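Hi,

Here is the structure I promised to pass on. Have a look at it first, and then read my notes below.

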Amino acid sequence: MSRGTIVLEDEVGTFDGAKVGMLIFLGAETMLFAGFVTAYLVFRLRAPVWPPPLQPRLPVGVTAVSTAVLLLSGYTMWRALRAARDGDDGGLGRSLARTGLLGATFLAAQGYEWTRLLTFGLTAPSGIYGGTFYTLIGAHALHVLAALAWLSILLLATRRGPMVPVFGMYWYFVVGLWPVLYTLVYLA
Amino acid sequence: MLGRRAAALLIAGWALLPLEARACAICIGWAGGGDADWGYYWSALLLTLLPFVVVALVGGWIRRALRREARARGRTEPS
């Protein structure tokens, strides 16, 4: 067992406590986003017209490209996990750096899209359309930002191996959640 | 504290007048009808069932990890 890994042990066996902690955290995160998504659905289904009149339309095409970028970061994360398992430190560093770069690109595209939407008058207090959009998409963007901060710490750490699988779980959650939100908010 | 009789009366009242039980800030102003009923129904169902699903998944993962470890230990220990 590598150093820095918390291990829970009983008479049956051992398992990684950090992974269990992350799993419980992701369970709570799932509930948070389920709450946001159901609130969005209720508001949307109650509205006679959606998007409401005189509100800007969301940029479906640009976001489709950033969705592809984020999905690609899921692949580079998978490569990083494989490199960590094989003990390939160089490959791990490269794959993590690519994952971070793709995540930052996604976030930059989201930020650019937001500034454009703000100039078109779509703000959080402008109505239920803006409020639900910024809550749902903003909560996801905050999660990507947190993941990037964690990734930066991992990249700077000399012994990153034990925490990479736990970070991978979080990154897969952030990547896996986005297509659901994109379909719901931008396409449906 | 609410007595048993009072609680039973309250529940019976809600059963007889279900619209009054819509105490949520969003639902209370809703007269019903259209797609929103579908939204309320499935949202309530999803949010009710999801914690059980999450707990079952976490429990399943821990159980699987322990079993895998026990199998690996069984293979390495001399019989």
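**Helix packing in chain A**

In chain A, helix 1 crosses helix 4 in a left-handed way (the near helix is turned anticlockwise from the far one by less than a right angle; clockwise would be right-handed). The contact residues are A:Phe36, A:Tyr40 and A:Phe43 from helix 1 of chain A, and A:Ile128, A:Thr132, A:Thr135, A:Leu136 and A:Ala139 from helix 4 of chain A. Being in contact means that the C-beta atoms of two residues, placed from the backbone, lie within 7 Å. Sorted by class, this contact has 6 nonpolar, 2 polar and no charged residues (nonpolar is Ala, Val, Leu, Ile, Met, Phe, Trp, Tyr, Cys and Pro; charged is Asp, Glu, Lys and Arg; the others, Gly among them, are polar).

Before going on, remember that this is a predicted model, where local features need pLDDT of at least 70, side-chain atom pairs count only at pLDDT 80 or more, and totals for chains, interfaces and linings use all residues. Residues are numbered from 1 along each chain as its sequence is written, while chains are lettered from A and ligands numbered from 1 in the order in which they are written.

Now for another helix pair. Helix 2 (residues 60–86) of chain A packs against helix 5 (residues 164–187) of chain A at an angle of about 160°, and their axes are 10 Å apart. Axes are lines fitted to C-alpha atoms, for helices over the stretch in contact, and angles run from 0 to 180 degrees between N-to-C directions. Helix 2 and helix 5 of chain A are therefore roughly antiparallel (over 145 degrees; under 35 is roughly parallel, 65 to 115 roughly perpendicular and the rest oblique). This crossing of helix 2 and helix 5 of chain A is left-handed too. The contact of helix 2 with helix 5 of chain A splits into 17 nonpolar, 5 polar and no charged residues.

**Chain B**

Chain B has 2 helices and 0 strands (DSSP runs numbered from the N terminus: H or I of at least four residues for helices, E of at least two for strands). Of its 79 residues, 4% count as buried, with 20 or more other C-beta atoms within 10 Å of their own C-beta, placed from the backbone (12 or fewer is exposed, in between partly exposed).

How many residues of chain B are in contact with chain A? There are 20, and they meet 17 residues of chain A. The chain B side has 15 nonpolar, 2 polar and 3 charged residues.

**Confidence**

Chain B averages a pLDDT of 79, and 73% of the residues score at least 70; pLDDT is the predictor's confidence in each residue, from 0 to 100. The model scores ipTM 0.71 and pTM 0.80.

Cheers
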